[in-house]
Amino acid sequence: MRRFALAIGIIGAIAFAAGAETRPDEARVFAVPGPTIAAAPSTPPASKEQPSKENGATRESTGVTSDPKPQEPPVAAKTIFGAAATPASLAARSIGFYSRGCLAGAVAIPTDGETWQVMRLSRNRNWGHPKLVAMVKRLAGDVAAKDGWQGLLVGDISQPRGGPMLTGHNSHQIGLDADIWLTPMPNRRLTAAEREALSATSMLGKDGIHADPQVFTPYHAALIRRAASYGEVERVLVHPGIKKAMCEEKGVDRKHFHKIRPYWGHHYHMHIRIACPPDSVGCRPQPPAGPEDGCGKEVDDWIALLQRPPKVAQPGAKPSPPPKPVTLADLPPECRLVVEADGDDGRDHKPGKPQDARGATSR
Ligand SMILES: [Zn+2]
């Protein structure tokens, strides 16, 4: 447990940049960008636009009244999307970018499958694009059949309508990102309470930088390689210490190592990102990972970066003001329709359902 706590302390001191997310159970500060990170888009300028009447269709009051005197700030998009309990009853579509968008026609991965269990059920983040949900199910079945895993513990995917979240992740907004715990699924059904309380296991050793070979084994590496082997998977984010350990493993196929990207955090779970589905108009793709396996200088640079002492703020330095919250106006315009669309239970969606975002009915 000491090692675990130490690892948390060290990694907790290191903040990370936009485009990825926190470990499964905690929100983190975001600050220091790393090298060769798959770029998230730069933040568009905050819109001056005030919420229109249409915003009143959301579950949160916008506070807009005919009295112009007290100008209420626009409601943060995370408040609106965080309050959506059901998916938008529209054709499945990922809209925008992984860290700036929303999701229509989401489906839920069932909380229990033969080879998976969804964790942290209270968060209601087991929603994704049907293609992503299909990928997670396939991975769970494959690793159980071929890699000796009992099954997977599934972490956060997206909210029912995607979008920014009140806690954690910058990405996971368009239903194409999934966190899979590196802790194997136990040989029994966890209770709902256990799924809230159980902590994921860090794969790192005492230094909080390198993987502990007693914890991170070839069995874990096989899971990560399996995820990276799928055609629709564009990236699998793991802690640099994990990537380093995978690079040092002898006799394994590195064919898909270019997709296994080192990134801050991600020593409790891996983050799998799939490509924009071809029929998701308005889904903004990420540049493909280069052809290099990333095992030489790239991963070593990351390790060196982690070994550097954290930056200390200059005494008397003004703290930078908190970033302006992202509002609905900062997201792709179609996200307003996603917010306003009727909800459903997410069970009957088939891709290509006739209604699309343009035909959305307002509440
Ligand atoms: Zn993630």
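At what angle do the axes of helix α3 and helix α5 cross? Roughly 135°, and the axes come within 10 Å; axes here are lines fitted to C-alpha atoms, for helices over the stretch in contact, with angles from 0 to 180 degrees between N-to-C directions.

Before I go on: this is a predicted model, where local features need pLDDT of at least 70, side-chain atom pairs count only at pLDDT 80 or more, and totals for chains, interfaces and linings use all residues. Residues are numbered from 1 along each chain as its sequence is written.

Back to the pair. α3 is residues 130-146 and α5 is residues 218-229; helices are DSSP runs, H or I, of at least four residues, and strands are E runs of at least two, numbered from the N terminus. Leu139, Asp142 and Val143 in α3 meet Leu223, Arg226 and Ala227 in α5, contact being C-beta atoms, placed from the backbone, within 7 Å.

Next, α6 and α7. Their axes come within 9 Å and cross at roughly 140°, which makes α6 oblique to α7. Pro240, Lys243, Lys244 and Cys247 of α6 make the contact with Val299, Trp302, Ile303 and Leu306 of α7.

Last, α7 itself, residues 297-307: Val299, Trp302 and Leu306 are buried. A residue is buried with 20 or more other C-beta atoms within 10 Å of its own, exposed with 12 or fewer, partly exposed in between, C-beta atoms being placed from the backbone. Exposed Lys297 and Gln307 sit on the face turned away from the buried side. The buried residues of α7 pack against α6 (240-248) and β10 (260-262).

Definitions and conventions. Two residues are in contact if their C-beta atoms, placed from the backbone, lie within 7 Å. Angles under 35 degrees count as roughly parallel, over 145 as roughly antiparallel, 65 to 115 as roughly perpendicular and the rest as oblique.
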